[in-house]
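The notes are grouped by topic and meant to be read beside the model.

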Amino acid sequence: MKISISIIIAASALSLSTAKGLAQTTVNRDSTRKVLQNLFISKDPQDKVTLNDNLKKLAASDNEREVMLAGDYYYQLKNQKAADSLYQRQLVKFPMGMAAREKGQQAIYDLKTAEEQEAAYKKWVAKFPPSRFPNIDHDHLVYDYVTVGIAMLYAEKHNTRKALAYINMEKEEFWKTNGYSGLADAFEKAGDKPNAKLYVKKAMDIAGKFYYAKNNDNAGKFAASGYPALLARYAQILFDEKKYTEALTYIEKSYKLNKEVNPATSYSYAKMLMKLGRNKDAYSKLEGVVKAGKATTEMEATFKSLYVKVNGSNKGYDAYAAVIRKGFLDNLQAKLANEIMNTPANNFTLSDLDGNKVTLADLKGKIVILDFWATWCGPCKASFPAMQMAQNKFKDDPNVKFLFIHTWERTPNATEDAKAFIKSKGYNFEVLMDLKDPATKLNNVVSSYNVDGIPSKFVIDKNGIIRFHLLGFEGGNEAAVDELSMMIDMAKEKS
């Protein structure tokens, strides 16, 4: 995971004088940003005018951090055109500044080999040395991004000496959790299991320090957030080494730290317990996953085998499974009853993969399911087998329509890429393309639905009202189909 440079810089120092809505004297960056944020979230139209007046003053500043803060707010206001224009002006006005440094950084990433990136890095860091930039709000993290990337490339090439030299250049302690974990991935890809294990352990230990520390800032909280997953990853490495007792120590810690049922962690825990002959305990761990409706087909099969081992036969299993399923559906219905929405859906017109136009308003009278996705999005693609099952379930219902909206493209051939992916998997989805608008620089439809992550699914009733919004994907296909089916039925009742 990579923290956006613009987000880090946008939180940096800011001083203003005589700006409407702000203090008349120089103020510290935190209080200034707080004022700007209050204007940003306000529903008062006059506050929006005030905010824009302040942003214009910031944009004209001779302080690059003030200019970058204006750009960040233009981005949050979905004024991508203004944000891009301001960025280009920064490059001209501050040729040795942060935006220029970021552009040079991106040029390093565009190079293919470790040797090319290393040579470019040396020139870049000589031109933009850290000493010229105050390390405000972890600004020097931009250098860690590059050195970690080079370390990973060298690790993949089996050049351990260079990999370790570059990973040891990391300065930001909180980011070492991410850097070490990424390097472990590279070592694993290269088949270097000892170093992969070593750097997972290093990442885990640092994350643990932040997890148990008091008064973490946002960076510390970021580092701490990865601790449960790193514990589970290290446990899996020990499990693969057949060190089951040792592995159990770490997976147990991870399990206890998860605030909600985590299917992967619970399943790993169960498998380790099974290896130690503790089938009853393993059954208990998997039972929670099954009851939460988050078990995959493989987990359900393991759970059934554990039922037989614990009870001596499969007698009564079907009745017990039926009780679990009823409990899951009852809980799901109560949950969805509290989550039902009443928000008008924004109309749109998009082209499908063959260039045919589809307009949401033309589908009034039907329940419409929108699924925002992208070919690069792993969770999106992981949810597609369940979405195909759901679509098949309603294929004979003329009043239910599924639309799969590809968005946030990362390649110039997004339509061809989407078409190739859908064809390769044999899905019969109706795919629409929410391509970037040349004028606004935004994917307009996904922006109009205020989506901040994909997969994002919306269930819209016959009157064009959004009734449900699902973000992400976790768990088994059957449970996902149950949830979406219940949403569709409830949307029908509200229409």
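T302 is part of helix α17, which spans residues 297–311. The model is predicted. T302 counts as buried because its relative accessibility is 13%, under the 20% limit for that class.

**T302 and its surroundings**

- Leaving out residues up to four places away in sequence, T302 touches Y267, M274 and L286.
- K419 lies 117 residues from T302 in sequence, and the two C-alpha atoms are 36 Å apart in space.

**Helices α16 and α17**

- Helix α16 covers residues 279–291 and packs with α17 at an angle of about 140°, the axes being 9 Å apart.
- Because of that angle, α16 is oblique to α17; over 145 degrees would be needed for roughly antiparallel.
- On the α16 side the contact is made by N279, K280, A282, Y283, L286, E287, V289 and V290.
- On the α17 side these meet M299, T302, F303, L306, Y307, K309 and V310.
- Sorted by class, the contact of α16 with α17 holds 10 nonpolar, two polar and three charged residues.

**Helices α4 and α5**

- Helix α4 (residues 64–76) packs with helix α5 (residues 80–93) at about 160°, and their axes are 7 Å apart.
- The angle is therefore one that makes α4 roughly antiparallel to α5.
- The crossing of α4 past α5 is left-handed.
- From α4, the residues E64, V67, M68, A70, G71, Y74 and Y75 take part in the contact.
- Their partners in α5 are Q80, A82, A83, L86 and Q90.
- The contact of α4 with α5 comprises eight nonpolar residues, three polar and one charged.

- An open sheet of eight strands runs in the order β1-β8-β7-β4-β5-β6-β2-β3, with mixed pairing.
- At its edges are β1 (343–344) and β3 (357–359), each of which pairs on one side only.
- Within the sheet, β4 (residues 367–373) pairs with β5 (residues 400–406) in the parallel sense, over seven bridges.
- Opposite I369 stands F402 in β5.
- Helix α22 (residues 477–494) packs on the sheet and touches β4, β5, β7 (456–460) and β8 (465–471).
- The direction of α22 makes about 165° with that of β8.

Conventions: Residues are numbered from 1 along each chain as its sequence is written. This is a predicted model: local features need pLDDT of at least 70, side-chain atom pairs count only at pLDDT 80 or more; totals for chains, interfaces and linings use all residues. Side-chain values use heavy atoms; hydrogens and water are left out. Two strands pair if DSSP finds at least two bridges between them. Helices (H or I, at least four residues) and strands (E, at least two) are DSSP runs, numbered from the N terminus. Contact means heavy atoms within 4.5 Å. Axes are lines fitted to C-alpha atoms, for helices over the stretch in contact, and angles run from 0 to 180 degrees between N-to-C directions. Buried means under 20% relative accessible area, exposed over 50%, partly exposed in between (1.4 Å probe, protein chains only). Angles under 35 degrees count as roughly parallel, over 145 as roughly antiparallel, 65 to 115 as roughly perpendicular and the rest as oblique. A crossing is left-handed if the near helix is turned anticlockwise from the far one by less than a right angle, and right-handed if clockwise. Ala, Val, Leu, Ile, Met, Phe, Trp, Tyr, Cys and Pro count as nonpolar, Asp, Glu, Lys and Arg as charged, and the others, Gly among them, as polar.
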